[in-house]
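Subject: Handing over the two-chain model

Dear colleague,

I am passing on the structure below, and I would be glad if you kept it open beside this message while you read. After it comes what was found, taken in order from one part to the next.

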Amino acid sequence: MFDALSQRLDKITSGLKNRGRISEKDLEDALAEIRAALLDADVELGVVRGFLDGVRARCAGEALSKSLTPGQQVVKAVNDELIEILGGEPLKITYASRPPTVILLAGLQGAGKTTAAAKLALWFKSQGRSPLLVAADLQRPAAVEQLRVLGGQAGVPVFTRATDPVDVAAAGVEEAARVGRDVCIIDTAGRLSIDDALMDEVRRISARTDPHYTFLVIDAMTGQDAVGTARRFHDALDLDGVIVTKLDGDARGGVALSVRTVVGKPIVFASVGERLADLDLFYPDRMAGRILGMGDVLTLIEQAERSMDADVVSSTAQRMMGGEFTLDDFLAQLAQVRKMGSFGGLMRLMPGMNKQMREAAEQIDDKEVDRVEAIVRSMTRAERADPTIIDGSRRLRIASGSGTTVVQVNQLLRQFKDMQKMMRGMASGSMPGMPGMPGMGKMSAKMARAAAKRLPAGDVPPELAGLMGAPESPAPGIGGTARTAAPRPGGKKKKGGRVTPPKHR
Amino acid sequence: MSAAVLWLLVAIVVLVAVAGTVVVLRSRRSRELPQGATRTLEPPAAPPPEAPSAELAAATEAPAAAPPAEAPAAVAPVEPAGLATRLGAARSLFDRVRGLRGRTSLGREELDEVEEALLRADVGTATTAAILEALEAAAAAKALGDDGVTGALRKELLELLGPPPAALATTAEQGRVAVWLFVGVNGVGKTTTIGKLAAAQAAEGHDVLLAAADTFRAAAADQLAMWAERAGCDLVRADEGADPGAVVHDALHRAASRSIPLVLADTAGRLHNKANLLEELKKVRRVADREPGQVVEVLLVVDATTGQNAITQAREFSQAVGVTGIVLTKLDGTARGGVVLAVQRELGIPVRLVGVGEQAADLLAFDPVAFVDALLGD
């Protein structure tokens, strides 16, 4: 769990082993590391301080756990604290007794309000409501047109007028009532929270339309500025919730913690893509993991689900489970995985990377991945099927064909051989590590556990079970709960052997 | 076994195996520069005499403060006050740092104040640590200077930012059409920036053509069209969903046939962790770099409110298409945009332009001195 961070903390807290409790000094050292991690994640400085106080209180005088290292224990406390703050009371949308239910969206320029408005409209539609979109952004060129097009895609009508934003908003609400639409979503222009005139304008919009819900729309990549902005919008509009956008990016998203802490209102939705369907409910445990830099496995899984070609993947995976994995398979899978995102970005979403791998991951150049691919492509079919036939002259040929050196070809072949060995090990249920890549076993185990959490309880296939039994202290799984018990290897498969596949958007 | 779990396992294996392979391969090769990225993008070695007009004038506001006789290396003709007053909102942050001016020793308190100020400005932990280290070294060498802590900090920041950036290149080789490609994540202000630049070029009597190569976003071309109309310049667009490369291609040929020397190409906002979108962008750049066009600038537009993710954006976009400079937008807000210090330090990518509002005139050339002075409230 949180490998990079816990390893750093373990070094600091290693002195704890002889003592029964976490001492103040060791805790402070650990908290300094956490401070750095949170700041790197864009959590606001003041919020970080307050947060660490909370963690301090949680850890104070705690006895050392029998199953966790001290570093892991501190990180667990941090994770729990994060989830508690980010979670808290979720917002449950209740509809007005006299429709329409009015929803007002506000925020800075470029946050994603217009897209969010259309997504919300689609979401309400899926809840059986009949929403109306109101285009009250008369400031940005073609903003109205943008909402019109998106509304068309969502199958939701869009209302506007060429007057002024306050008038349009009010008229929009009236129109919704008149034609019987029971939800009215008002998109407004982006505005600086320090622009008095525009803040006054949005206050007037709020006064005239009396929204049932006012949401701040904020970009997941926002830095320290988030808090001041959120506070000023909250002061002006009395927010009910926050929508965090562009979570399909790789920003750590500390803004979520900052805004949640300072505004005290829940994060209602997470916008996770450019398509209208890409609106999720907000998952505090995922956000916690992401902020702490331990990756966001579940989002990774969903991204993969969306972009990978299931047939290609599953046929190869079947063979893999049978202990076969050829260079052809490798090539095919590489193509699939590259669809998911740039390597650097993808690595960041993966959990359990130790410091060495993480640093390497940060530096990964897609060109290098191209090189690896080129080497494999320069081989003949026969060579890919059976790399043992690749002798010196073949290596030379492959090297010149791919623009690399024989040394590099050798290294690739060696790595691949190790990988095949590991795959066979996985298939037989054990978990050998890969030389030169410590932590691989742990990482696979973590991801396997995460995947298992997504399956209906009790449905964990035996192959996965083998993976999950990786040798490691039983730290709580990703998400901070220990709900998923490790299944016994060789457990019963469900009758029919099928598991309900996750929903595809 | 469910498909979901199967591919997950394969994904892990492949991802990690490739990472491992790449790490091993890398350790055996020497560092190389990205291919071709810098070759075509250097501004002309001897800036043409009309260099000041190639830079962005502060449109109607500032008088032409740099007469043409001034050395081309001169910084933007914008008056420092212009940038400083625009960044006024940022001053209060550094009030406490300003107060350190009189202090000539660098104790714990001073260090904490400086650290807090830098972190709050999104400078990030790594670059902040480096700056503090440099300050401590200066203090140890008794070299803090007459202006005490504040002065030393100012000096460090300026050193980090480096010299004022070169003016944007406006000419390509051998009569090819020069192309400025605008890239960045969603919502940062690419289209608005192009609109402002078009207005500035038009105001100076320079012909420019806009290429609406954002074919993804609803009404993106409409948005750019409105700017083109305001600036009175030509626009090439296509239907939504069309190939962005095709738009650029058409734009280049239209520009060539009408003897328009410069094309400003808008692209769709895209998150840098989406491989397919970066591939698309690479393709757009290739098209833009083919006769009759030549890419002379690739400008990454960065929102000043962005936190540490800006570093990743700069890295990924640069790897993909070779970024020649940053346009830092929305600096008229409360965000300080300090992350550009980290980008400069870690990646060597300079800020070229600064956006300070939504109107056509709200775009200024980046002046590091004015930027740091405004931040430190001088």
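Two strands are said to pair if DSSP finds at least two bridges between them. Please also keep in mind throughout that this is a predicted model.

Strand β7 of chain B, which covers residues 351-355, is joined to β8(B) by 3 bridges, and the two strands run antiparallel. Which residue of β8(B) is the bridge partner of B:Gly355? The partner is B:Leu363.

These two strands belong to an open sheet of 8 strands in chain B, whose order is β3-β2-β4-β1-β5-β6-β7-β8 and whose pairing is mixed. Why is one side of β3 and of β8 in chain B left without a neighbour in the sheet? Both β3 (234-236) and β8 (363-365) of chain B stand at the edges, where each has a single partner strand, and so one side of each has no neighbour there. On average, and with direction ignored, neighbouring strands of this sheet are turned by 25° against each other.

Helix α12 of chain B, residues 275-288, packs on this sheet, where it touches β1 (177-183), β2 (208-213), β4 (262-267) and β5 (293-303) of chain B, and its direction makes about 165° with that of β1(B).

The helices of chain B also pack on one another. Two packed helices are described by the angle between their axes and the distance between the axes. For α12(B) and helix α13 (residues 309-321) of chain B, the angle is about 45° and the axes are 9 Å apart, which makes α12(B) oblique to α13(B). The crossing of these two helices is right-handed. On the side of α12(B), the contact is made by B:Leu278, B:Leu281, B:Lys282 and B:Arg285, while α13(B) contributes B:Glu316, B:Ala320 and B:Val321. These residues divide into 4 nonpolar, no polar and 3 charged.

A second pair in chain B is formed by helix α7 (residues 125-140) and helix α8 (residues 148-161), which pack at an angle of about 130° with their axes 10 Å apart. The two helices, α7(B) and α8(B), are therefore oblique to each other, and their crossing is right-handed. The contact is made by B:Ile131, B:Ala134, B:Leu135 and B:Ala138 of α7(B), together with B:Ala152, B:Leu153 and B:Glu156 of α8(B). Sorted by type, the residues of this contact are 6 nonpolar, no polar and 1 charged.

Turning to chain A, you will find an open sheet of 8 strands there, with mixed pairing and the order β3-β2-β4-β1-β5-β6-β7-β8. At its edges stand β3 (158-159) and β8 (279-281) of chain A, each with a single partner strand, so one side of each is left without a neighbour in the sheet. Within this chain, strand β5 (residues 213-219) and strand β6 (residues 241-245) run parallel and are joined by 5 bridges; the bridge partner of A:Val217 in β6(A) is A:Ile243.

Helix α8 of chain A, residues 196-209, packs on the sheet and touches β1 (101-107), β2 (131-136), β4 (183-188) and β5 of chain A, with a direction that makes about 175° with that of β1(A). Helix α10 (residues 254-263) of chain A lies across β5, β6 and β7 (267-271) of chain A and runs at about 170° to β6(A).

Helix α9 (residues 226-237) of chain A packs with α10(A) at an angle of about 40°, their axes being 9 Å apart, and the crossing is right-handed. The residues in contact, which include A:Ala226 and A:His234 of α9(A) and A:Val255 and A:Ser258 of α10(A), divide into 7 nonpolar, 2 polar and 1 charged.

Finally, a word on confidence. Chain B averages a pLDDT of 79, with 72% of its residues scoring at least 70, and chain A averages 77, with 66% of its residues scoring at least 70. In chain A, the pLDDT is below 50 over residues 431-438, and it stays under 50 over residues 455-505 of that chain. In chain B, the pLDDT stays under 50 over residues 1-11 and over residues 16-81. For the complex, the predictor gives an ipTM of 0.76 and a pTM of 0.71.

Methods:
Residues are numbered from 1 along each chain as its sequence is written. Chains are lettered from A and ligands numbered from 1 in the order in which they are written. This is a predicted model: local features need pLDDT of at least 70, side-chain atom pairs count only at pLDDT 80 or more; totals for chains, interfaces and linings use all residues. pLDDT is the predictor's confidence in each residue, from 0 to 100. Two residues are in contact if their C-beta atoms, placed from the backbone, lie within 7 Å. Axes are lines fitted to C-alpha atoms, for helices over the stretch in contact, and angles run from 0 to 180 degrees between N-to-C directions. Helices (H or I, at least four residues) and strands (E, at least two) are DSSP runs, numbered from the N terminus. Angles under 35 degrees count as roughly parallel, over 145 as roughly antiparallel, 65 to 115 as roughly perpendicular and the rest as oblique. A crossing is left-handed if the near helix is turned anticlockwise from the far one by less than a right angle, and right-handed if clockwise. Ala, Val, Leu, Ile, Met, Phe, Trp, Tyr, Cys and Pro count as nonpolar, Asp, Glu, Lys and Arg as charged, and the others, Gly among them, as polar.
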